[in-house]
Amino acid sequence: MRQTREFANPPVVLGYATIAGPKEGEGPLATYFDKIINNLYYYEDTWEKAEQKMFLEVVEMALQKASVKKEEVDFFLAGDLLNQIISANFVAKSLGIPFFGLYNACATFYEGLILGAMLIAGGFAKKVLVGVSSHYATVERQYRNPTEQGVQKTPTSQWTVTGAAAVVLGEGEGKIKIPRVTVGKALDYGMFDPSDMGGAMAPAAFDTLLAHFKETGLSYDYYDLMATGDLARFGWQILVKLLQERNINFGQRLTDCGIMIYRPDQQVNAGGSGTACSALVTAGYVFNELSQGKIHKFLGIGTGALLSQVTSQQGMSIPVIAHAVSFECY
């Protein structure tokens, strides 16, 4: 059972856009985002409407930057963290593009990139639009406690990133190519604490990383930079320890989007999470670094905790997943 697919004619990134929330706009990657909103309501009367507005706007920005009309797009692949992926559904309704709604929790962006690349490489589409969003306040309301209660968080908990990102994929010439992808397996390591999703997801990232290098035959020093989706500080430390037990040491070439997106003093506990976490870092920081030639080969590993509030309340363990996408630019 091979998890990795390599493309003879790699799909390319035609355009991309990012919108970040106020807290993310105060972080170290602020200069890489196309737009930063100044409050969580974004001039709407609910947080959910604010998320939808941000999501639709970033999709339109990505199409404009790619010089692609929505009528030229074959498929729209999108998701978010809310029930019934409602933010993506409302955006899809506004766009009128054939739509696949996706959910792999915080790994949804990478799930969309893999499926989009496969549709193009397989000859089923010429242009695919991939988009995701997440919003701190809408996710807190759904998954955790009302923010008004001021419930104290544990040190292992993570801060859901507010933001949205979209990427237009296509065929032919393009600076950033997707030569290979590795599809993750849904795994369960018997972790039960929804306040420690980084710890739950770390083994999934480890499993996908091992599969990627084993199946591609690439050396461990092949990539200039690698980043997991949102393991944050504690989950990332577990991943590093698992790798060291196999005598694998990536050093500073392996980092995590949940660590990168906030400064240590921004009071986000272990770090960032959410569908937009890896999306903002990838479509913001990484794509700009690739385009400017500062790095040439990047491997992103989107990580997702596939729990629900119901399964957590019923004491069930947390299934997890990690998908890997390779980006190269020469």
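1. Helices, taken as runs of at least four residues, and strands, taken as runs of at least two, follow DSSP and are numbered from the N terminus. On that basis Leu-306 belongs to the loop that runs between strand S15 (297-305) and helix H9 (309-313). The model is a predicted one, and the remarks that follow should be read with this in mind.

2. Between Leu-306 and Glu-111 the C-alpha to C-alpha distance is 13 Å, although 195 residues separate them in sequence.

3. The chain is divided into domain 1 (4-170) and domain 2 (176-329), whose C-alpha centres lie 17 Å apart. The contact between them involves 59 residues of domain 1 and 63 residues of domain 2, and together the two domains bury about 4900 Å², of which 62% is on carbon and sulfur atoms. On the side of domain 1, the residues that lose the most area to domain 2 are Thr-4, Tyr-110 and Gln-158, which together account for 16% of what that side buries.

4. Polar contacts between domain 1 and domain 2 number 25 residue pairs, counting those with both residues at pLDDT 80 or more. Several elements of domain 1 give two or more residues to the side that touches domain 2, among them strand S1 (4-6), strand S2 (12-20) and helix H3 (108-121); H3 gives the most, with 8 residues.

5. How many salt bridges does the rule find across the interface of domain 1 and domain 2? The rule finds 1. Arg-180 forms a salt bridge with Glu-6, with the closest N and O atoms 3.5 Å apart, and Arg-180 also meets Glu-328 in a salt bridge of 2.9 Å, N to O. The latter pair links distant parts of the chain, since Glu-328 lies in strand S16 (residues 319-329) and Arg-180 in strand S10 (residues 180-182), 148 residues apart. Both Glu-328 and Arg-180 are buried, and Glu-6, Arg-180 and Glu-328 are linked in a network of salt bridges.

6. The structure holds 12 salt bridges, including one between Asp-45 and Lys-49, whose closest N and O atoms are 3.2 Å apart. In that pair Asp-45 is exposed, at a relative accessible area of 55%, whereas Lys-49 is partly exposed, at 41%.

7. The largest nonpolar core has 51 residues, and those with the most contacts inside it are Leu-113, Val-167, Phe-287 and Phe-327. Helix H8 (residues 275-291) gives the most to this core, with 10 residues, and the core draws at least three residues from each of domain 1 (4-170) and domain 2 (176-329). A second, separate core of 29 residues includes Leu-187, Met-226, Leu-231 and Ile-301.

8. Ser-157 lies in the loop between helix H4 (136-143) and strand S7 (159-160). With a relative accessible area of 8%, Ser-157 is buried, and its side chain is joined to that of Asn-269 by a polar contact of 3.2 Å. Not counting residues up to four places away in sequence, Ser-157 touches Ser-195, Val-268, Asn-269, Ala-270 and Gly-271.

How values were computed:
Residues are numbered from 1 along each chain as its sequence is written. This is a predicted model: local features need pLDDT of at least 70, side-chain atom pairs count only at pLDDT 80 or more; totals for chains, interfaces and linings use all residues. Side-chain values use heavy atoms; hydrogens and water are left out. Buried means under 20% relative accessible area, exposed over 50%, partly exposed in between (1.4 Å probe, protein chains only). A polar contact is a pair of N or O atoms within 3.5 Å; within protein, one must be able to donate a hydrogen and the other to accept it, and residues adjacent in sequence count only if both atoms are side-chain atoms. Contact means heavy atoms within 4.5 Å. A nonpolar core is a set of buried Ala, Val, Leu, Ile, Met, Phe, Trp, Tyr and Cys residues joined through side-chain atoms within 4.5 Å. Domain bounds come from an automatic or database domain assignment. Buried area is the accessible area (1.4 Å probe) that two parts lose on being put together, summed over both. A salt bridge is a side-chain nitrogen of Lys or Arg within 4 Å of a carboxyl oxygen of Asp or Glu.
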